[in-house]
Amino acid sequence: MASAAVAAPAKAVPKYRTGLPSWAWALPPVAVLGVVFLYPLALVVQQSFRPDTGGTSAQAYGDVFASSAFREALGTTVWLALGSTVGCLVLGFVLAMVIAFVPFPGGKAVARFIDVFLSFPSFLITLALLFIYGTVGMANGLWTDATGAAEGPFQFLTTPWGVLLAEITYFTPFVVRPLLAAFSGIDTAQLEVASSLGARPARIVRRVILPEALPALAAGGSLVLVLCLNEFGIVLFTGAKGVTTLPMLVYSKAILESDYPGACVVAVVNVLVSVGFYGLYRVVSGRAGA
């Protein structure tokens, strides 16, 4: 009886047939993607080839590419995004290590606050920095009260460095969150054994912690890079003079100048730059982790 029971074949899981081919199940998500994303993008591309005078022409591309304002906005967008991404990766890695491996009171509360911080709008962080470092902010107010000077020394917030500080402040938690998830899988016994064998902290970080953090750094860094390339609210609310990024240029051409073909050209370039840098970052980070 026992041998018969063992020899009895397992019952196969019944398969339910719906009468629809497998490719039909892909139609709903593809349709939603087409309506929500591809169709509006196609309209933007189409409008970029339709000048106000009518017809079809690539003149708008020539006018925009020949503009010094466009070239400056492109360079500003790229260096702000790259600088913010590097700053977020470095600061996020250090903060995540402190929260994950350095016991201190309130560590769990800090980790929970990071989750809440991700839901904050970007302009809220910018306003907070304005209250602290603005022309009439707390830091300048304390300085003028203490020295009697006409104005305080903190005037960087309306410069590109102020935008960089605001972006690093706002986007660093987007790197910290995946790093904390990655560090939660590291056995602290490995760190204790390495330390007992005489390994210095820098060597432990390089040999034990960093390899585990590379996938999370790649994920968080790619997200921050794309978000910074398309950030609009932070640049607008800092009121930085002379800091014009591609999203700001789209706003300026569409709303202030009513140059809709030019705005669509800049928008198309912004999309291509975002996709290109995202793909390049993923390739480089994938090779680094291999």
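This is a predicted model: local features need pLDDT of at least 70, side-chain atom pairs count only at pLDDT 80 or more; totals for chains, interfaces and linings use all residues.
Author: Residues are numbered from 1 along each chain as its sequence is written, and side-chain values use heavy atoms, with hydrogens and water left out.

Reader: What makes up the secondary structure of the protein?

Author: There are 14 helices and zero strands. Helices (H or I, at least four residues) and strands (E, at least two) are DSSP runs, numbered from the N terminus. The order of elements from the N terminus is α-α-α-α-α-α-α-α-α-α-α-α-α-α.

Reader: How do you know how many disulfides there are?

Author: A disulfide is a pair of cysteine sulfur atoms within 2.5 Å. By this rule the count is zero. Take C228: the closest cysteine sulfur, in C88, is 5.8 Å from its own sulfur, so that pair is too far for a bond.

Reader: Why is C228 called buried?

Author: Buried means under 20% relative accessible area, exposed over 50%, partly exposed in between (1.4 Å probe, protein chains only). C228 has a relative accessible area of 5%, so it is buried. C264 has 13% and therefore also counts as buried. Across the protein, buried residues make up 34% of the 290 residues.

Reader: What makes T77 buried, and where is it?

Author: T77 is in helix α4 (residues 68-101). Its relative accessibility is 3%, so T77 counts as buried.

Reader: Which residues does T77 touch?

Author: Contact means heavy atoms within 4.5 Å. Not counting residues up to four places away in sequence, T77 touches L229, T245 and L246. T77 and T245 are 168 residues apart in sequence, yet 4.9 Å apart in space, C-alpha to C-alpha.

Reader: Is T245 buried or exposed?

Author: T245 has 5% relative accessibility, so it counts as buried. Its place is the loop between α12 (233-238) and α13 (246-256). Leaving out residues up to four places away in sequence, T245 touches A73, T76, T77, L80, E231 and V235. In the protein as a whole, 71% of the contacts with a separation of 6 or more are between residues 24 or more positions apart.

Reader: Why are α8 and α9 called roughly parallel?

Author: The axes of helix α8 (residues 160-171) and helix α9 (residues 173-183) come within 5 Å and cross at roughly 30°. That makes α8 roughly parallel to α9, because angles under 35 degrees count as roughly parallel, over 145 as roughly antiparallel, 65 to 115 as roughly perpendicular and the rest as oblique. The axes are lines fitted to C-alpha atoms, for helices over the stretch in contact, and angles run from 0 to 180 degrees between N-to-C directions.

Reader: Which residues meet there?

Author: T169, Y170 and F171 in α8 meet P173, F174 and V175 in α9. By class, this contact has five nonpolar, one polar and no charged residues. Ala, Val, Leu, Ile, Met, Phe, Trp, Tyr, Cys and Pro count as nonpolar, Asp, Glu, Lys and Arg as charged, and the others, Gly among them, as polar.

Reader: Why is S258 called partly exposed?

Author: S258 has 40% relative accessibility, so it counts as partly exposed. S258 lies in the loop between α13 and α14 (260-289). Its phi is positive, about 55°, although S258 is not a glycine.
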